[in-house]
Amino acid sequence: MSDTHISSSVYNFLNKLKKNNNREWFNEHKKEFKQEEQKVKSFYVDLMSKLRMHDEIDDMKMFRIYRDVRFSANKQPYKEHLSGTFSRVKPRLRGGYYLHIEPGNTFLACGFWAPEKDDLKRIRKEFELDAEEVREIINNPNFKKEFGALEGEELKTAPRGFDKEHPAIDLIKKKQYIVTKNFTDKEAMSPGFIDKVDESFKTVRPFFDYMSDVLTTDLNGVSTLD
């Protein structure tokens, strides 16, 4: 088991930032921020290495701490969390991994946050044709124990062209297909946290494999890849 975890100093800094979310304080503590950011980045790099042992990961991206406040009612200049994503090799492999580090709100998320219009339509048409396979995956006891139910924003009614009485309408009307898992600060700061995250990522793999197959074939099962 790996001892890689999130340092308590990361949470301490984020807690201080939450109380002092202004440019003057941040500039005075920028060196400290860079040190804590690097610790988290090192964790993400180690996690990517683990992911690459069982999946094909194209890249890892950490998000900047700076908020875009131009069109937001919230004018606080800084995010109060650190986060990053791991992208799979496209177009053959679909789905993404996300890890969010925040005091009292650390979680991972996997799935499809913003499917392109054509991809969303293809997913919905697949569920309209046959949702038995995806239900078997998301209702698997291990999957449900790890993540609970499939999440994501959804329409209030059936999308245009779909029957609102269809038995798979609960899946068809979704706009996102996401699973999440929450962790306490104590869990994230404990040895072996990286292994817990990696195990969750392994558990989501059958869902990713299924969705990748759907999004790289037509309704007849013929590959759409060149």
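1. Helices (H or I, at least four residues) and strands (E, at least two) are DSSP runs, numbered from the N terminus. This is a predicted model, in which local features need pLDDT of at least 70 and side-chain atom pairs count only at pLDDT 80 or more, while totals for chains, interfaces and linings use all residues. Residues are numbered from 1 along each chain as its sequence is written, and side-chain values use heavy atoms, with hydrogens and water left out.

2. Five strands make an open sheet in the order 1-2-3-4-5, with antiparallel pairing; two strands pair if DSSP finds at least two bridges between them. Strand 1 and strand 5 are at the edges with a single partner strand each, so one side of each has no neighbour in the sheet. From one strand to the next, the twist averages 15°. Here, axes are lines fitted to C-alpha atoms, for helices over the stretch in contact, and angles run from 0 to 180 degrees between N-to-C directions.

3. Strand 2 (residues 82-88) is mostly covered, with five of its seven residues buried. Buried means under 20% relative accessible area, exposed over 50%, and partly exposed in between (1.4 Å probe, protein chains only). Five bridges pair strand 2 with strand 1 (residues 57-62) in the antiparallel sense, and six antiparallel bridges pair strand 2 with strand 3 (residues 96-101). Leu-82 stands opposite Ile-101 in strand 3.

4. Next, the residue that lies in strand 2 as Arg-88. Is Arg-88 buried or exposed? Arg-88 counts as buried because its relative accessibility is 2%. Not counting residues up to four places away in sequence, Arg-88 touches a list that includes Asp-55, Glu-56, Asp-58, Arg-94, Tyr-97, Arg-205, Phe-208 and Asp-209. The C-alpha atoms of Arg-88 and Ile-138 are separated by 20 Å, with the two residues 50 residues apart along the chain.

5. Two loops are worth a visit. His-81 is in the loop between strand 1 and strand 2, and His-81 counts as buried because its relative accessibility is 19%. Leaving out residues up to four places away in sequence, His-81 touches Leu-14, Ile-65, Tyr-98, His-100, Ile-101 and Glu-102. Pro-91 lies in the loop between strand 2 and strand 3, and the peptide bond from Lys-90 to Pro-91 is cis, with omega near 5°.

6. At the other end of the strand order, strand 4 (residues 106-112) and strand 5 run antiparallel and are joined by seven bridges. One of the paired positions links Ala-109 to Thr-180 in strand 5. Five of the seven residues of strand 5 are buried. Val-179 lies in strand 5 (residues 177-183) and counts as buried because its relative accessibility is 0%. Beyond neighbours within four places in sequence, Val-179 is in contact with Leu-108, Ala-109, Cys-110, Phe-143, Phe-147, Leu-150 and Val-204.

7. Which helices lie across the strands? Helix 1 (residues 8-19) lies across strand 2, strand 3 and strand 4, running at about 70° to strand 3. Helix 10 (residues 205-215) lies across strand 2, strand 3, strand 4 and strand 5, running at about 30° to strand 4.

8. Helix 3 (residues 30-51) and helix 9 (residues 193-203) form a pair to examine. Their axes come within 10 Å and cross at roughly 45°, and the two helices are therefore oblique to each other (angles under 35 degrees count as roughly parallel, over 145 as roughly antiparallel, 65 to 115 as roughly perpendicular and the rest as oblique). Among the residues that meet are Phe-43 and Leu-47 in helix 3, and Ile-194 and Phe-201 in helix 9.

9. Finally, the nonpolar core, a set of buried Ala, Val, Leu, Ile, Met, Phe, Trp, Tyr and Cys residues joined through side-chain atoms within 4.5 Å. The largest one has 59 residues, and those touching the most other members are Tyr-44, Phe-86, Tyr-97, Phe-127, Tyr-177, Val-204 and Phe-207. Helix 3 gives the most to this core, with seven residues. Neighbours within four places in sequence aside, Phe-207 is in contact with Phe-112, Val-134, Ile-137, Ile-138, Phe-143, Leu-150 and Tyr-177.

Notes. Contact means heavy atoms within 4.5 Å.
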